[in-house]
Amino acid sequence: MDNQFRNVKTHTRLLSKATWYEWRMKLLEGLKDGLDRHMEEMKGDDNLLSKHEALLNDAVPALAAKHSSLREEATRLQQLADELENCDQGELQSARSRLSSIEDEIAAKKKMLEELQSEVQDKTDTIETGIELKAELTAQIQEAERVKEECRGWSAKEIRELKDSVYRIEQSTGWSISSASPSESAAGPVLTMSYRHQLELKFHPGSFYIKSDKKESLPDTKPDTPIELTYPSEKRANPAERTPQLSPISLLILKSLHMHVSKIEQPKVTPNQLLRFVSEAWDLASNLEEEARMLEFHGVTKLRLSDAEDKPTLRARCTLLGTSASKTPHPSGKSRIDVDFAVSTRILEKKEESEIGVLDIQTTVLASKVYGFGTDSGTGLSEKEMQSILNKQLKGRETKFGNGVWSKAVQMLSGTVF
């Protein structure tokens, strides 16, 4: 019983302790919840205070500075008010009167200024009207001067100066304008020019490429037009009358010019290039004429032009006569060699696509024994050796026609054979 009583007593004491601890825990939990709630509220207050502090930090320094400046201004205004109260009121009144009169004067000046500005605007409008009228009258004067210039006559001095300039151009280039006439062709008027009063060229300048500051039409829009190249004697009605007027050499060059000029792509060539091509070719004909003339000093020279239209060629035959060295000489005691110069034309390569090229002469020389060298022509130099002598003298000199290239070669051959 004692043990049971002691166990009951112990159990009761433990139950009371458990109840006390349970009450204490509930008390502590309630206290903790209250403290946590207060903590959350304090954090919200802290955030709110931080926001207000940030706002105040932005506004307070400016407000403090403004308050300080206003305080200084109030002090200064108070000092001014004290000075006004302490100053002479009569003098202040007179100053106010003067200020009022000055304001009235300023108002009068402003009114006068407005009136002057109105007058200036009127004058400006008048000046602008005068400038427009001046520009219109100036344009009319210029048009009148242009019409006057177009309709005025030429003085003797101007005509003489123009003639002199034309004469100088003709002397330097050899070209002169024979005539200019209108044409129904889209290429425009026809121009007829004469080179050294020997060769006439008739063409349409509008068909050629012309450099200018204005926008040029595309090359393929310009039509090709016929180009006429004639010798004055060819215009005669009777062919028998005009044939002797033109030598075979000139006919060779003229036919070659006809062939090449007809193949020119006119929109890619300038008129200056065409004139230079023709003049250089005709000068070459004059040089060949001089070569043929000098060749006659060494032997009888005959010129013969082939009838081929596609590739005309010229044969210049020089007959050399000398003392026979054969054992069976010719009855006349002379020997004869025929030197034939076969002349044809060619066009040298163009440096650029737009250029026409240059007409050049290609020469082939042959030497033939006719008589005075034995029955089998075996006496003396062979024909191959004579041709070698001629080619050696002509080599590299084809472009120097007019200085006796052919005659020097024939002279060398004659001195070697005879």
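A residue counts as buried under 20% relative accessible area, as exposed over 50%, and as partly exposed in between, with a 1.4 Å probe and protein chains only. Leucine 27, at 49% relative accessibility, is therefore partly exposed.

The model is predicted: local features need pLDDT of at least 70, side-chain atom pairs count only at pLDDT 80 or more, and totals for chains, interfaces and linings use all residues. Residues are numbered from 1 along each chain as its sequence is written, and side-chain values use heavy atoms, with hydrogens and water left out.

The chain has eight helices and eight strands (DSSP runs numbered from the N terminus: H or I of at least four residues for helices, E of at least two for strands). Of its 418 residues, 25% are buried. The chain exposes about 29,900 Å², 55% of it from carbon and sulfur atoms (Shrake-Rupley method, 1.4 Å probe; for residues, only the protein chains shown count as cover). Contacts are heavy atoms within 4.5 Å; among those between residues at least 6 apart in sequence, 56% join residues at least 24 apart.

Leucine 27 lies in helix α1, residues 2–86. Together with Trp20, Tyr21 and Trp23, Leu27 forms a nonpolar surface patch with about 490 Å² of accessible area. Patch residues have over 30% relative accessible area and no salt bridge; nonpolar side chains (Val, Leu, Ile, Met, Phe, Trp, Tyr) are joined within 5 Å, like charges within 9 Å. A salt bridge is a side-chain nitrogen of Lys or Arg within 4 Å of a carboxyl oxygen of Asp or Glu.

Helix α2, residues 89–151, contains aspartate 122, which is partly exposed at a relative accessible area of 45%. Asp122 belongs to a surface patch of negative charge with Glu114, Glu115, Glu119, Asp125, Glu128 and Glu132. Asp and Glu count as negative, Lys and Arg as positive, while His and the chain ends are not counted; each charge is placed at NZ of Lys, CZ of Arg, CG of Asp or CD of Glu.
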